[in-house]
Amino acid sequence: MIDHALLTQVCSEAASSPRGRKNFNFHGDNADPAHRLLNAFEPGSYVVPHRHLDAAKDETILVLRGVLGLVIFDDDGGVVQATALSATGPACGVDIPHGVYHTVFACVPETVMFESKGGPFMPLSSEERAPWAPAEGSDGATAYLRTLMARVDGR
């Protein structure tokens, strides 16, 4: 059951995680052909902008709690769209086609999204990571995330 108790549990785990986020997988194994999961985020958690090149990896996101910032980029790192998604709207989710650079982040504490995409899990390749964005954990990542957050009206 996906209920408030589960959302609270995953948020608590995200808050205590060094990366400020935590998955709760509904799929049984990383090799499964369909991945369905909750992903809880705390503000400051940086997901490097990326794309999925595999045509089976279109990604659907629905926000269940909090406010999620979404930024879509062109191939050169220009911002195409920056918006806030929340369960109370006006936008609560997005479908991101494969090949599109994107990132997400929490605008408020205890933000949880439901994510669905094709499996199996494969770490991002160098061609899927945005070459113009700082790597996770690098010196410039925090400042870069702040610039993205400033583009989203959701705090």
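These notes walk through a predicted model, point by point.

1. **Ground rules.** Residue numbers start from 1 along each chain as its sequence is written, and side-chain values use heavy atoms, with hydrogens and water left out. Because the model is predicted, local features need pLDDT of at least 70 and side-chain atom pairs count only at pLDDT 80 or more, while totals for chains, interfaces and linings use all residues.

2. **The sheet.** Start with an open sheet of 3 strands, in the order β5-β4-β7. Its pairing is antiparallel. Strands (E, at least two residues) and helices (H or I, at least four) are DSSP runs, numbered from the N terminus. Two strands pair if DSSP finds at least two bridges between them.

3. From one strand to the next, the twist averages 15 degrees.

4. **One pairing up close.** β4 covers residues 67-73 and pairs with β5 over 7 bridges, in the antiparallel sense. Look for V71: A82 in β5 stands opposite.

5. **A helix across the sheet.** α2 (residues 141-150) lies across β4 and β7. Its direction is at about 90 degrees to β7. Such angles run from 0 to 180 degrees between N-to-C directions, with axes fitted as lines to C-alpha atoms, for helices over the stretch in contact. Contact means heavy atoms within 4.5 Å.

6. **The largest core.** A nonpolar core is a set of buried Ala, Val, Leu, Ile, Met, Phe, Trp, Tyr and Cys residues joined through side-chain atoms within 4.5 Å. Buried means under 20% relative accessible area, exposed over 50%, and partly exposed in between (1.4 Å probe, protein chains only). The largest core has 17 residues, and Y46 and F105 have the most contacts inside it. β4, β7 and α2 each supply at least two of its residues. Which element gives the largest share? It is α2, with 5 residues.

7. Beyond its neighbours within four places in sequence, Y46 contacts residues including R21, P134, Y144 and L145. Another core lies apart from the largest one. This other core has 12 residues, among them I72, L85, I96 and V104.

8. **Two cis peptide bonds.** One joins G89 and P90, with omega about 15 degrees. P90 sits in the loop between β5 and β6 (93-96). Another joins G119 and P120, with omega about -5 degrees. P120 belongs to the loop between β8 (111-118) and α2.

9. **E110.** Check this backbone: phi is near 60 degrees, a positive value in a residue other than glycine. E110 lies in the loop between β7 and β8. Is E110 buried or partly exposed? Its relative accessibility is 39%, so E110 counts as partly exposed.

10. **R65.** This residue is in strand β3 (residues 59-65). R65 counts as buried because its relative accessibility is 17%. Its side chain makes a polar contact (N or O atoms within 3.5 Å; within protein, one able to donate a hydrogen and the other to accept it; residues adjacent in sequence count only if both atoms are side-chain atoms). The partner is the side chain of T8, at 3.3 Å. R65 also touches E110, among others.

11. **R36.** This residue is in strand β2 (residues 34-41). With a relative accessible area of 33%, R36 is partly exposed. R36 and G118 are 82 residues apart along the chain, yet their C-alpha atoms are separated by 8.7 Å.
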